[in-house]
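User: I have a model open on my screen. Can you show me how to read its features, one at a time?

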Amino acid sequence: MTDARILFEGGGVLVVDKPPGVPVIPGRDGGHSLRDALESQRGQKVFVVHRLDRDTSGVLVFALDAAVHRALSVAFESGKVRKRYLALVEGRVEAPRLVDAPLVAARKGRMRVARPGETDAKASRTRVRPVEIFERASLVEAEPLTGRTHQIRVHLLSLGHPLLMDHQYGRDAPLTEKDLGGEGDAVVLARTPLHAARVEWPELPGVEARAVEAPLPGDMQRARELLRRAAATSP
């Protein structure tokens, strides 16, 4: 739990590279969380500024004092913070898209695109662009312009490009080397392949402007290599 690499620390801000499979805060059933681990390791209170899903890896911002926490939280909530994610999705994403599709809550903690006339719909927009196109899959960059739950996953699904594995919105079984164009049976992806690659905030009261990036994690990089190799050898 404490193997989250520190990407930046200074001025009351702590940014870590969150590993997949780790909750940011304890769930309903309790259990240990990344916040708990950081507080235990550092011997001080750590404020959660924003969250990532358990399976999502990448840039995660914490604050080390209340004033910085307030400034960053307001910036996130007001859309002043730019976030960019990388995702491995089904199908060939050939061109950039702006998905403007309001979302509503569905069953079992899921979200879905709203139907016309639904009054509880929340405005939701995501920019999507291809980074690398393989034979039957793509690596895409997604920039959420709003901050709805599961926004990127649902918007990609609405385009016909669900994540390669997603227990709520797509394939539930882990992906092996063979599934990704290789020859072995070893599991490569056992979680949702979504990674917070970059977070950038402007100068704020008491907080300097900064952009922080996290490299693609090992499982997604391995999947990318297998997909690339399969595309190169495809007739």
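Analyst: The largest pocket has a volume of about 1,500 Å³. Its lining comprises 39 residues, and Arg51, Leu52, Asp53, Thr149 and His150 are the closest to the centre. Keep in mind that this is a predicted model.

User: How should I think about empty space in general?

Analyst: Rolling a probe the size of a water molecule over the atoms shows where empty space remains.

User: Which helices and strands each supply at least two residues of the lining of the largest pocket?

Analyst: Helix 2 (66-77) and helix 3 (151-158) do, along with strand 5 (82-90) and strand 10 (137-144). By class, the lining of the largest pocket has 12 charged, 14 polar and 13 nonpolar residues.

User: What is the volume of the second largest pocket?

Analyst: About 250 Å³. The second largest pocket has 14 lining residues, with Arg136, Ala137, Asp179, Leu180 and Leu227 nearest its centre. Helix 4 (residues 218-233) contributes the most to that lining, with 3 residues. The lining of the second largest pocket divides into 8 nonpolar, 5 charged and 1 polar.

User: Now strands. What is the general idea about side chains?

Analyst: In a regular strand, side chains alternate between the two faces of the sheet. Now take strand 2 in this model. On one side are Val13, Val15 and Asp17, on the other Leu14, Val16 and Lys18, and all are buried.

User: Which strands are joined to strand 2 by bridges?

Analyst: Strand 1 (residues 5-10) is joined to strand 2 by 5 bridges, and the two run antiparallel. Arg5 has Asp17 of strand 2 as its bridge partner. Strand 4 (residues 57-63) also runs antiparallel to strand 2, with 6 bridges between them. There, Val13 has Ala63 as its bridge partner.

User: What about the turn between strand 1 and strand 2?

Analyst: This hairpin has 2 residues between the strands, and Gly11 takes a positive phi near 60°.

User: Last, a loop residue. Where does Thr146 lie?

Analyst: In the loop between strand 10 and helix 3. Look at its side chain. A polar atom there lies 3.0 Å from the backbone nitrogen of Arg125. The side chains of Thr146 and Gln151 are joined by a polar contact of 2.7 Å. Beyond its neighbours within four places in sequence, Thr146 is in contact with Ala123, Ser124, Arg125 and Gln151.

Definitions and conventions:
Residues are numbered from 1 along each chain as its sequence is written. This is a predicted model: local features need pLDDT of at least 70, side-chain atom pairs count only at pLDDT 80 or more; totals for chains, interfaces and linings use all residues. Side-chain values use heavy atoms; hydrogens and water are left out. Buried means under 20% relative accessible area, exposed over 50%, partly exposed in between (1.4 Å probe, protein chains only). Helices (H or I, at least four residues) and strands (E, at least two) are DSSP runs, numbered from the N terminus. Two strands pair if DSSP finds at least two bridges between them. On a 1 Å grid over the protein atoms alone, a cavity is a set of points where a 1.4 Å probe fits but cannot get out, and a pocket is an open set with protein on both sides within 12 Å along at least five of seven lines; lining residues have an atom within 4 Å of a point. Grid points are joined across faces, edges and corners, and a volume is the space filled by probe spheres set on the points. Ala, Val, Leu, Ile, Met, Phe, Trp, Tyr, Cys and Pro count as nonpolar, Asp, Glu, Lys and Arg as charged, and the others, Gly among them, as polar. A polar contact is a pair of N or O atoms within 3.5 Å; within protein, one must be able to donate a hydrogen and the other to accept it, and residues adjacent in sequence count only if both atoms are side-chain atoms. Contact means heavy atoms within 4.5 Å.
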